[in-house]
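Hi there,

Here is the structure I promised to pass on.

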Amino acid sequence: MVGGGPAGLATALTLHSHNIPSIVIDNHTENAVKLGESLAPSANAVFRKLGLEGVLTSGQHSLYVGNNVVWGDSSLRQRYFLHEPYGDGWHLNRSLFEKQLRETVISHGIPLLQNYRLSEITARDDKMIVSCSHSDAAPYTITADFIADCSGRASIVAKKMGIKKQTVDNLASYYFIAEPAANPLKGMTFIEAAADGWWYAAPIANNRIIVNFMSDSDLHPAKTASLTDWLLRKVAATEHLKTYISTTAIPTAGIKTATTSLLEKPGGKQWIAVGDALCTYDPLTSFGITNALVSGHHAANAIASFLQGNTGALSDYITSQMALFNKSVALLQNQYQSEQRWPEHPFWERRRV
Ligand SMILES: Cc1cc2nc3c(=O)[nH]c(=O)nc-3n(C[C@H](O)[C@H](O)[C@H](O)COP(=O)(O)OP(=O)(O)OC[C@H]3O[C@@H](n4cnc5c(N)ncnc54)[C@H](O)[C@@H]3O)c2cc1C
C-alpha cells in the first residue's frame, strides 16, 4: 500500500485477514492538517467488518447525532439520525483516529514504514520494484506482486504511470478553527448555504470547532495573507453560523483543495487505486472516510481473489467503485438543485444540471 490513511490501512487489515503479507508506506507527518471529521452513520457497518468498533467507542470521539441545515431558504432545520438504520455517526478526533488505525495495523504485525515517500516504481520479471526515500534514513526497496495506490488526492502511483485525473469542479475549503459561542453545536454538524458557496462546521477535540467555507477556488483571489480577515468578514455576513462560533481568536486558518475528481484509469495489471486516490467526493456528502475504508476492504478482497486466479476480480472492483461515484454525483446534483436562492451566481449556476 502506498499511503497509510484510512484507505491504505483498511486495505492492509483486510489483506491480513486473507493471510496475504503486505507493507504500508506513508509519508504523513504528525503536524500536517487533514480535514474531515464527520463520520456518517453508515460508516458503523464497515468498522464492524474491519473489527474496528473499539476505535469509535474508545472515548476519544464524540457522537454525531444529526445536522443543523440552512439550505433552500433562510430557516434552520434540525435533522437527527434517529431513524437511521445504523444509529448515530461520529465526530472524530481525526489525528487520533488515524493514530489508532496505525496502531491497530502495527498490532497485527503488518509493517508500516512511516515517513517514507514513494520515489520510483519499476517493473521487473512480473514484479514491481518500489523505491522509497526517507529524509533521515536510508532508502528502502520493496519487491511486490501488487501495489495499491492509497495515496489520497496525490494518486502518486497512477501519476507515476502517466494516468490523468478528471476534475469535476474547482471546490476548495477555506478553513479555520474557532471556539464555540453561546449557541453550542451539541453533537451536530452545521451546514449553511451562502451566495457564493456553503459553510460547514463541526465540533472537534478540545472544545473547538472546525469551520470550512466551501467555494470554487477560481472565484476568489489567492489571499493567504489576509485569509483570516476575509473569512471573519464572511462569517459576520452569515445569518446563523455567526451565532455558533466565537471569532475573537483564530489561531489556525488555511486553504485545501476539495475538488470532486476521478482517475481516468484506476488500475492496471498489477495495481489498483483505492479511496481518494481513485476518486474524491464533495465534502457535502460526508462520505470520504467511509468510502476510503469501504473501498480499502473491497480492494483487498479483489486483490486476494485476483492472486488466486480470478482475472475479473480487479475490473469488478473498479466497475463497482465507478458506479458508486456516478450515483453519488447524481445525488449531489439533486442536493445542489434544491438551493435556488442565487441562480445567477457562478457557484450555483455551475451546479445546475
Ligand atoms: C475540506 C474537506 C472536508 C472533508 N470532510 C469530510 C468529512 O466530514 N467526512 C468524511 O468522511 N470525509 C471528509 N473529507 C474527505 C476525507 O478526509 C478523505 O476522503 C479521506 O481522508 C480519504 O482517505 P484516503 O486514505 O483515501 O486518503 P488520505 O487520508 O489522504 O491518505 C493518503 C495518505 O497517503 C500518503 N501519501 C501521499 N503521497 C505519498 C507518497 N508519495 N508516499 C507515501 N505516502 C504518500 C499521505 O501522507 C496520506 O497519509 C473531507 C475532505 C476535505 C478536503
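This is a predicted model: local features need pLDDT of at least 70, side-chain atom pairs count only at pLDDT 80 or more; totals for chains, interfaces and linings use all residues.

A charge is taken to sit over a ring if NZ of Lys or CZ of Arg is within 6 Å of the ring centre and within 35 degrees of the ring normal. By that rule, Arg351 lies over the face of Phe347, at 3.8 Å from the ring centre. The charged end of Arg351 also sits over the ring of Tyr336, 5.4 Å from its centre.

Residues are numbered from 1 along each chain as its sequence is written, and side-chain values use heavy atoms, with hydrogens and water left out.

**Overall picture**

The protein chain has nine helices and 22 strands; these are DSSP runs numbered from the N terminus, with helices being H or I of at least four residues and strands E of at least two. Along the principal axes, the C-alpha atoms fill a box of roughly 60 × 45 × 40 Å. Of the 353 residues, 49% count as buried, meaning under 20% relative accessible area with a 1.4 Å probe and protein chains only; exposed is over 50%, and partly exposed is in between. Among contacts (heavy atoms within 4.5 Å) with a separation of 6 or more, 71% come from residues 24 or more positions apart.

**Aromatic pairs**

Rings of Phe, Tyr and Trp (its six-membered ring) pair if their centres lie within 6.5 Å; planes under 30 degrees apart are stacked, over 60 edge-to-face, and the rest tilted. The count comes to 18 aromatic pairs. One of them is the tilted pair of Trp199 and Phe213, 4.7 Å centre to centre with 45 degrees between the planes. This pair links strand E15 (residues 197–204), which holds Trp199, to strand E16 (residues 208–216), which holds Phe213, 14 residues apart. Trp199 is buried, with a relative accessible area of 1%, and Phe213 is buried at 1% too.

Tyr336 and Phe347, the two rings under Arg351, form an edge-to-face pair at 6.2 Å centre to centre and 75 degrees between the planes.

**Helix H8**

H8 has 25 residues and reaches 37 Å from its first C-alpha to its last, close to the 36 Å expected (1.5 Å times one less than its number of residues). Its buried residues include Leu314, Phe325, Leu332 and Tyr336.

**And His61?**

Where is His61 found? His61 is in the loop between helix H3 (53–56) and strand E3 (62–64), and counts as buried at 8% relative accessibility. Its side chain makes a polar contact of 2.7 Å with that of Gln100 (a pair of N or O atoms within 3.5 Å; within protein, one must be able to donate a hydrogen and the other to accept it, and residues adjacent in sequence count only if both atoms are side-chain atoms). The side chain of His61 also reaches the backbone nitrogen of Asn93 at 3.0 Å.

Best wishes
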